[in-house]
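Please keep the sequence at hand while reading.

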Amino acid sequence: MGFLELAKKRYSVRAYKPDPVEKEKLQQVLEAVRLAPTAANRQPFQLIVITAKGKEADLGRIYGRPWFVNAPIVIGACAIPSQAWSRQDDKNYCDVDVAIIMDHLTLAAADLGLGTCWIGAFDPAAAGEVLGLPAGVEPIAFTPLGYPDDQPKEKKRKSIKELVRYEHW
Ligand SMILES: Cc1cc2nc3c(=O)[nH]c(=O)nc-3n(C[C@H](O)[C@H](O)[C@H](O)COP(=O)(O)O)c2cc1C
């Protein structure tokens with residue numbers, strides 16, 4: 001599959017089959033995460049891979065939608081700001097780094113026929129408590145990981161004209 005085809009194939013999956021994710025496929029997704037670029041190669045993140053079965057109530061506190069806990073796996077992506085690169089004006093790039101690893105994760109999953117959905121609207125206090133996150137480890141995003149049980153919707157995106165400005169010096 002070419003890259004553009006893969007980018008079109010990935011969509012936010014909001015219904016999952018209970019079928020397990022093969023260990024090899026999970027490893028491939030995690031390898032795609034490991035290979036992601038981060039600012040100054042600091043790799044200031046930690047990924048938490050959660051087997052959802054039996055933990056539905058706790059996961060439901062983090063994000064209340066039923067489909068979130070229907071997938072066999074839920075992954076939490078955390079930033080460790082103290083390990084991240086900061087620009088000269090002190091802007092910390094850990095959120096950018098986590099966004100990149102999440103993008104590698106979601107695209108690698110789609111390439112393997114697996115579904116994901118970025119979750120930003122989770123309860124950070126519940127996430128910290130349920131996952132036992134120490135101070136300095138910030139949950140940034142979650143995603144279920146499993147086989148899709150829905151169909152992709154048409155992608156609604158702004159046009160390139162609206163999104164890109166060309167400058168010709
Ligand atoms: C940073 C971020 C946070 C998101 N948070 C949520 C969320 O909390 N719940 C949800 O259902 N979808 C969430 N989404 C999914 C977006 O709604 C979705 O990516 C967007 O509508 C485009 O649709 P597509 O992913 O199917 O192409 C999030 C996406 C991103 C990138």
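## Helix α6

Helix α6 covers residues 124–131, and its buried residues are Ala126, Ala127, Gly128 and Leu131. Buried means under 20% relative accessible area, exposed means over 50%, and partly exposed lies in between, with a 1.4 Å probe and protein chains only. Helices (H or I, at least four residues) and strands (E, at least two) are DSSP runs, numbered from the N terminus. The buried residues of α6 pack against β1 (45–51), α3 (56–62) and β4 (138–146), where contact means heavy atoms within 4.5 Å.

At the start of α6, the backbone nitrogen of Ala125 has a side-chain oxygen of Asp123 within 2.9 Å. After α6 comes Gly132, with a positive phi near 60°.

## Basis of the model

The model is predicted: local features need pLDDT of at least 70, side-chain atom pairs count only at pLDDT 80 or more, and totals for chains, interfaces and linings use all residues. Residues are numbered from 1 along each chain as its sequence is written, and side-chain values use heavy atoms, with hydrogens and water left out.

## Helix α5

Helix α5 has 18 residues and spans 26 Å from its first C-alpha to its last, close to the expected 26 Å at 1.5 Å a residue. The expected span is 1.5 Å times one less than the number of residues. Among the buried residues of α5 are Cys94, Asp97, Val98, Thr106 and Ala110. The partners against which the buried residues of α5 pack are α1 (3–9), α2, β1, β2 (73–79), β3 (115–116) and β4. Gly113 follows α5 and has a positive phi, near 85°.

## Packing of α2 on α5

Helix α2 (residues 23–34) packs on α5 (residues 94–111) at an angle of about 150°, and the two axes are 8 Å apart. Axes are lines fitted to C-alpha atoms, for helices over the stretch in contact, and angles run from 0 to 180 degrees between N-to-C directions. From α2, the residues Val29, Ala32 and Val33 meet Ile101, His104, Leu105, Ala108 and Ala109 of α5. By class, this contact of α2 with α5 holds seven nonpolar residues, one polar residue and no charged residues. Ala, Val, Leu, Ile, Met, Phe, Trp, Tyr, Cys and Pro count as nonpolar, Asp, Glu, Lys and Arg as charged, and the others, Gly among them, as polar.

## Thr143 in strand β4

Is Thr143 buried or exposed? Thr143, in strand β4, is buried, with a relative accessible area of 0%. A polar atom of the Thr143 side chain lies 2.8 Å from the backbone nitrogen of Cys117.

Leaving aside neighbours within four places in sequence, Thr143 contacts Ile73, Val74, Ile75, Met102, Leu105, Thr116, Cys117 and Trp118.

Asn41 is in the loop between α2 and β1. Although Asn41 is not a glycine, its phi is positive, at about 55°. Asn41 counts as exposed, at 52% relative accessibility. Gln43 is also found in the loop between α2 and β1, and has a positive phi of about 50° without being a glycine. Gln43 counts as partly exposed, at 37% relative accessibility.

Phe3 is placed in helix α1 and is exposed, with a relative accessible area of 57%. Phe3 and Ser159 are 156 residues apart along the chain, and their C-alpha atoms are separated by 19 Å.

Definitions and conventions:
A polar contact is a pair of N or O atoms within 3.5 Å; within protein, one must be able to donate a hydrogen and the other to accept it, and residues adjacent in sequence count only if both atoms are side-chain atoms.
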